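Thanks for asking me to look this one over. My notes follow the model below, as numbered points.

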Amino acid sequence: MRNKGLGHWMLAPALLLLLALIIGPLFYSAGLSAYSWNLTDIDLPKQFTGLANYTKLFGDPTVGTAVLNTVIYVVFAVGIELVLGFLVAAALFEMTKGRRLANAFILLPMIIAPVITALLWRYLLDPQFGLVAQLTGTSIGWFGDAQLALPALIAVDVWQWTPFVILILHAGMLSIGTEQFEAASIDGAGRPTIYRRIVIPAIVPQVMIVLLFRTMDTYRIFDTVFVLTKGGPGLSTETIGLYTYRTGFSYFDMGYAMALSIFILVTVVIISSVYIRLLRRREVLT
Amino acid sequence: MKRRDWWVIGSYVVVGVFLLWVLVPIVTVALNSLKSPQDIFSSTPQLVFTPTGDNYGKVLGELSFQTFLVNSTIVALGSTLLSIVVGVPAAYALARLPVRGREWWAWLILFTRMVPAVALVVPMFVIFQRLQLLGTYTALVAAHTTFNLPIVIWMMRSFFEELPRDLEEAAQVDGTGRFGAFLRVALPLTSPGLAATGVLCLLFSWNEFLFALVLSGRETQTVPIGVASFIGTVSVDWGGSSAAAVLAMIPVFVLGLAAQRFLVRGLTFGAVKG
């Protein structure tokens, strides 16, 4: 065949670009994480310290706090989004009219920039002039309270990303064949039975995709936390992404920042691989 | 009433309450952008007020928010075009052509979706500093291509795979060759998908914050940086920042609704067809 090499020629530019922009920087980062160096003395020779940045990482109490906060954030945000998303997706599924219109409004939060979302909630929850304060007559400083800041950030994530869960689960429900429902209603099955026996088993793949993407993306949460709390008060909302950013661009400790960024990468890849293995077993992802 | 009817009524209530939860924050900011400070800083919500354009005048006047809008447009268009030009042929190759190690390449591209921006932004900052590209559009376009290119490849691959093979084979019989079949048959047939993919790339680039925060300079700051700079400052200008937020949201809503049908596919990397 005369065009045998065509596939490679069409693929090569994309692969080179990905290598240059992603794989290259990651290796660069992994290499430089073996040095101790500060951004302020970039021209001085860097001191090779081997794995020192990594041993520091595992003994760093802030990393422990940041990982714990991140895990709490992931578990609660993703959990609430999944339950709420299923409820609304099922409600949409039961609707006889107006589904498309409702969908168009439901998707709005997830296409707004996280920074804008942060601004919306900053004003909504303002202790003095926010809508919540105005309507309830309270003056709670949600983002300034060490107990409430993390739950408030989780609420912001739920607002922004439950629509994503709804759209995916709803799409899964729509792809169930009508004959299954007809057979069930002939048998006289009620709605709860239909959901338990037909709908929920049918959307397991969509649930797993939701879990994969939401876990991956909440784990690296940065934008809203940066804008709303900067990790505070104290360390109450410090996340691993934020700590990495601060280490690099506030303390200029680049070697350590690179070690932290490699840590985030490796943990994300491990978590994702577990999900992807499960998905492949069910032949959802090919 | 039958039990079935109660389920339907209950569903409308659930969806209605959820829509309220979704819309209240957006509508509140839209209203704030039209209010004078007296109407914003009040102990009760002011639903009836005299709308004013002052906030928009100020944002587009002394705060020159349009600079951010222009920068975002340049970066979004640049990274979208680059991703499409490079990514679409790659997607076709992965979907249709004999390629050595196809699965391996596909997985490498999926892996790139897992890489957190924060893991890339640290080395990129150092690299771009060395190359003296910090603060340039080039740096931002390159950074945004790290997420847009994989999206283009995965989405377009799924569109190409859905095409019936006979059409391209027929074109080859006519003597156009495989590249001709790609250019003259596959590409036109997937143009709605290509348009949606482009729209999603514009959207993701428009909204991106971390790369822009670290890699942009005073001249190249994008919309999210502009909006963030309004929040948390000592004297928070609610009306002005709300107007800026509305200006940032309008193009997003237009783009998002245009690509509504393919939004889920883009966000899940083609895993859910939606």
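1. A word on terms before the kink: the bend at a residue is the angle between axes fitted to the seven residues ending there and the seven starting there. Helices (H or I, at least four residues) and strands (E, at least two) are DSSP runs, numbered from the N terminus.

2. Please keep in mind that this is a predicted model, in which local features need pLDDT of at least 70 and side-chain atom pairs count only at pLDDT 80 or more, while totals for chains, interfaces and linings use all residues. Residues are numbered from 1 along each chain as its sequence is written, and chains are lettered from A and ligands numbered from 1 in the order in which they are written.

3. Helix α4 of chain B (residues 66-96) has a kink of about 30° at B:G87, shortly before the proline B:P89. Its 31 residues should span 45 Å at 1.5 Å a residue, and the end C-alpha atoms are 44 Å apart, so the two values agree. The expected span here is 1.5 Å times one less than the number of residues.

4. Chain B holds 14 helices and zero strands, whereas chain A has 14 helices and two strands.

5. On the contact between the chains, 80 residues come from chain B and 80 residues from chain A (C-beta atoms, placed from the backbone, within 7 Å). Helix α1 (residues 3-32) of chain B gives the most to its side, with 15 residues.

Terms used
Two residues are in contact if their C-beta atoms, placed from the backbone, lie within 7 Å.
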